[in-house]
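Try each task yourself before you read the solution.

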Amino acid sequence: MATRTVTELLDDMTGQLADETVAFGLDGVEYEIDVTKKNAAALRKALTPYTEVGRRVGGRKQNTPKQVATGVDNRAVRAWAASNGIELSERGRIPSSVIEQYQAAGN
């Protein structure tokens, strides 16, 4: 018997499928929130006036947001892509279109 478990992250504000997880801190407490691109942009825009004048006290600057996990085994996707003539780099992000094709093939 085969089992496939799929984890979907939902926007904590709206219940829609989330695009990313945003981490932030306030009053010494660290938070993470799963949000759509629209809500991530709104959160960043709301915090911008404060982050532009505030002092950074640690951590690293992130140029790209943490992406939501795809819920698939990247090695399996790469092997499937290779066997179907789809060229992918050996490392790095797998395009969502390839993951969608992989899932549509019943994997």
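A residue counts as buried when its relative accessible area is under 20%, and as exposed when that area is over 50%. Keep in mind that you're looking at a predicted model.

**Exercise 1. Work out in which order helices and strands follow each other from the N terminus on.**

Step 1: The protein has three helices and three strands.

Step 2: Of the 107 residues in the protein, 19% are buried.

**Exercise 2. Find the buried residues of α2 and say where around the helix they sit.**

Step 1: List them: Val 77, Arg 78, Trp 80 and Ala 81 are the buried residues of α2.

Step 2: Ask what covers them. Part of the answer is α3.

Step 3: Now turn to the face pointing away from that buried side, where the exposed residues Arg 75, Ala 82 and Ser 83 are found.

Step 4: Finish with the two ends. At the start of α2, the backbone nitrogen of Arg 75 has a side-chain oxygen of Asp 73 within 3.0 Å. Just after α2, Gly 85 has a positive phi of about 75°.

**Exercise 3. Track down the aromatic pairs and describe how their rings are arranged.**

Step 1: Search the whole structure, and two aromatic pairs turn up.

Step 2: Start with Phe 24 and Tyr 31. This pair is stacked, with 5.3 Å centre to centre and 20° between the planes. Phe 24 is partly exposed because its relative accessibility is 25%, and Tyr 31, at 39%, is partly exposed as well.

Step 3: Go on to Trp 80 and Tyr 102. Here the arrangement is edge-to-face, with 5.8 Å centre to centre and 75° between the planes. The pair links distant parts of the chain, 22 residues apart: Trp 80 belongs to helix α2 (residues 74-83) and Tyr 102 to helix α3 (residues 96-104).

**Exercise 4. Describe the stretch at residues 71-105.**

Step 1: Check the record. UniProt, in an unreviewed entry, places "domain: Lsr2 DNA-binding" at residues 71-105.

Step 2: Look at the chain there: 54% of it is helix and 0% is strand, while the end C-alpha atoms lie 15 Å apart.

Key: Residues numbered from 1 in each chain as written. Predicted model: local features only at pLDDT ≥ 70, side-chain atom pairs only at ≥ 80, totals over all residues. Heavy atoms only, no water. Phe/Tyr/Trp six-rings, centres within 6.5 Å; stacked < 30°, edge-to-face > 60°. Buried < 20%, exposed > 50% of the residue type's maximum accessible area, 1.4 Å probe, protein only. Helix = DSSP H or I, 4+ residues; strand = E, 2+ residues; numbered from the N terminus. UniProt positions renumbered as here; feature names shortened; annotations may be inferred. Contact = heavy atoms within 4.5 Å. Polar contact = N/O pair within 3.5 Å; in protein donor to acceptor, adjacent residues only side chain to side chain.
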